[in-house]
Amino acid sequence: MREVDLERLKSMKAEIDAIEQHALALASLGEGVPAIEKNVRNVLSAAYVLKFGVSDIVDIHKADAATKP
Amino acid sequence: MGPRDRKYWNPYLETLSRDEILAIQLNRFRDLLGYAKTHSVFYRDRYRDIDPAHIKTIEDIRKLPLIDKMDLRKAQDGKEPFPFGEILGVPPEEVSLFRQTSGTTGKPVYVSESWESWQWRVEVWCHILWMAGFRETDRVFVPFGYNVYVAFWEGHCAAEKLGCMVVPGGALDTKGRINKIIEVKATGLLNTPTYGLHMAEEAEKMGLKPSELGVKRMMCAGEPLPHATRKKLEAAWGAEVYDHIGGTEPCAWAAMCGQRNGLHIMEPFFLVEFLDLKDQTREVEKGELGIAVVTPLGRRSFPLIRFNTNDVVKKSGDGCACGRTSVMIDEVSGRADDLRKIRGVLFTPVSVEELVRAEFPEVVEYEIVVKKRGVMDEISLRVEPSGEVSQSGLKDMAKRLSERLKIRTNLTFLIDVAEPGALPRYTLKAKRFRDLRGEGGTA
């Protein structure tokens, strides 16, 4: 993995995490409101899918870096 | 940059090194195992003594037991929560979609999809369609009546997600569907191979040339697609024809890229093992036939861990001229439950399809029947030729079929020529092979 690609992926992972956090905060504010709860569910599902394409790659490189002396 | 210039759906994921793919698969496998143990009664009981943290290598995974369709049936039959039973991995109120298997080999399995799991499946299909060249500029027609089976729902939803104009073709007859292809100027089709051939045949009866209807690409589903059948479809439609393999329980787990030379495993979404045909204890070598054992790594509402698909495939290596790095399979040879011993010879119906489609263009439909004659097995091939073959041509065709089948399969076939239109046409899962030996089917 090229360093430039990994940096870009790291930035994307941070945004995905932020989307997830914002969605959870919105769910909390909109608790009991179906229009909020169900749409948040869709956002969280999209974030879950994005993690497969982006965050997973960053995670294995993070783990790799952690084990290097 | 135009849509066709963007080769990959996800350029990072599709060009990972083997080590990177394996690392992601192991991470995801541990996550799935941990999740399944705490959310599914079936896995809680099955993996009681297994700690996901101890799974560090593929060899560790191989120590876990396989599961199959029978296990899923047992986990569902009479078990709560209805109808998914103990396999369910989410609270019942989170299930958005009901799917079921066709029940060809017994009681259907009911498959639960949460919105999250469904979106994961659709994402896999986005990769599949993108690899096959589908883009937002395509008009995709689906000549199929979608229902409780998963067939074509994923393709439909993924094509929508790509931004294609998707036209469902359910409640129409074949003529109506051909007219709809013309009406909407469809550039892409999703259909079974059998139905693709049938539509071409019907279009010709309507005085049309399918290759002039503007269809550029076709994604096939629902049945094995031997090379010869794919070539026949390509010639008929003047289109690129793509194959994939999957099922209701494990999702679509391998598909063709633009090279159309083998199928890419959808790594790292899936962990796919290829185990020997005899007792499924050994990973087969490149070039060897094996049974695909599939773990969909992101699907939590219906968790499957080491699911024996019964699909027999020929394992290939990794790397392809398209640049994708996933492991590939050379061909799909059919289902392990379709492999039969006939007169002591191992036989797979796909071998007949390959031969008929490659060498006998005059055959429009066929059916294989195995019966007992006394104590001996008897295999026959009923063929339906196009109406244009003369009587002497029919005799010659039957003789050549018998000779070529003997060479190809090492079995002597009785050849029976049927009247035009006598054999059934199928829209999903053609049933061209009937083994009546266990049903008192004697000649």
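## Basis and overall form

Helices here are DSSP runs of H or I of at least four residues, strands are runs of E of at least two, and both are numbered from the N terminus. The model is predicted. By that definition, chain B contains 11 helices and 20 strands.

Chain B has a radius of gyration of 22 Å, close to the 22 Å that the globule rule gives for 443 residues, so chain B is as compact as a globular protein of that length. The C-alpha trace of chain B spans about 70 × 60 × 40 Å along its principal axes. Buried residues make up 46% of the 443 residues of chain B. Among the contacts in chain B with a separation of 6 or more, 65% are between residues 24 or more positions apart.

## The parallel sheet of chain B

Chain B holds an open sheet of 5 strands in the order β4-β3-β5-β6-β7, paired in parallel. The edges are formed by β4 (165–168) and β7 (240–242) of chain B; each has a single partner strand, so one side of each is left without a neighbour in the sheet. From one strand to the next, the twist averages 20 degrees. Helix α6 (residues 153–162) of chain B packs on this sheet and touches β3 (139–142), β4, β5 and β6 of chain B. The direction of α6 makes about 155 degrees with that of β4(B).

Within the sheet, strand β5 (residues 188–191) of chain B runs parallel to strand β6 (residues 217–220) of chain B, and 4 bridges join the two. In this pair, G188(B) stands opposite R217(B) in β6(B).

## F134(B) beside the sheet

F134(B) is placed in the loop between α5 (115–131) and β3 of chain B. A residue counts as buried if 20 or more other C-beta atoms lie within 10 Å of its own. F134(B) has 27 C-beta neighbours inside 10 Å and therefore counts as buried.

Leaving aside residues up to four places away in sequence, F134(B) touches L129(B), V140(B), A159(B), L162(B), C164(B), G188(B) and R217(B). F134(B) and G188(B) are 54 residues apart along the chain, and their C-alpha atoms are separated by 7.4 Å.

## Packing of α7 and α8 in chain B

Helix α7 (residues 174–184) and helix α8 (residues 193–205) of chain B pack with their axes 10 Å apart, at an angle of about 85 degrees. The two helices, α7(B) and α8(B), are therefore roughly perpendicular to each other.

On the α7(B) side the contact is made by T174(B), K175(B), R177(B) and I178(B). These residues meet H198(B), M199(B), E202(B) and A203(B) in α8(B). The residues of this contact of α7(B) with α8(B) divide into 3 nonpolar, 2 polar and 3 charged.

## Contact between chains A and B

In the interface, 15 residues of chain A are in contact with 14 residues of chain B. Helices α1 (3–29) and α2 (34–67) of chain A each supply at least two residues of the side of chain A that touches chain B. The greatest share of that side comes from α2(A), with 12 residues. By type, the residues of chain A that form this side divide into 8 nonpolar, 3 polar and 4 charged.

## Backbone exceptions in chain B

Most residues other than glycine have a negative phi, and most peptide bonds are trans. Against that background, the peptide bond from E80(B) to P81(B) is cis, with omega near -5 degrees. P81(B) lies in the loop between α4 (69–76) and β1 (95–100) of chain B. Another cis peptide bond joins E267(B) and P268(B), with omega about -5 degrees. P268(B) is in the loop between β10 (263–265) and β11 (270–275) of chain B.

R306(B) is not a glycine but has a positive phi, near 60 degrees. R306(B) sits in the loop between β12 (289–296) and β13 (307–318) of chain B. With 19 other C-beta atoms within 10 Å, R306(B) is partly exposed. N410(B), also not a glycine, has a positive phi of about 65 degrees. The loop that holds N410(B) runs between α11 (391–409) and β19 (413–417) of chain B. N410(B) has 13 C-beta neighbours inside 10 Å and counts as partly exposed.

Notes: Residues are numbered from 1 along each chain as its sequence is written. Chains are lettered from A and ligands numbered from 1 in the order in which they are written. This is a predicted model: local features need pLDDT of at least 70, side-chain atom pairs count only at pLDDT 80 or more; totals for chains, interfaces and linings use all residues. Two strands pair if DSSP finds at least two bridges between them. Axes are lines fitted to C-alpha atoms, for helices over the stretch in contact, and angles run from 0 to 180 degrees between N-to-C directions. Two residues are in contact if their C-beta atoms, placed from the backbone, lie within 7 Å. Ala, Val, Leu, Ile, Met, Phe, Trp, Tyr, Cys and Pro count as nonpolar, Asp, Glu, Lys and Arg as charged, and the others, Gly among them, as polar. Angles under 35 degrees count as roughly parallel, over 145 as roughly antiparallel, 65 to 115 as roughly perpendicular and the rest as oblique. The radius of gyration is taken over C-alpha atoms; the globule rule is 2.2 Å times the number of residues to the power 0.38. A residue is buried if 20 or more other C-beta atoms lie within 10 Å of its own, exposed if 12 or fewer, and partly exposed in between; C-beta atoms are placed from the backbone.
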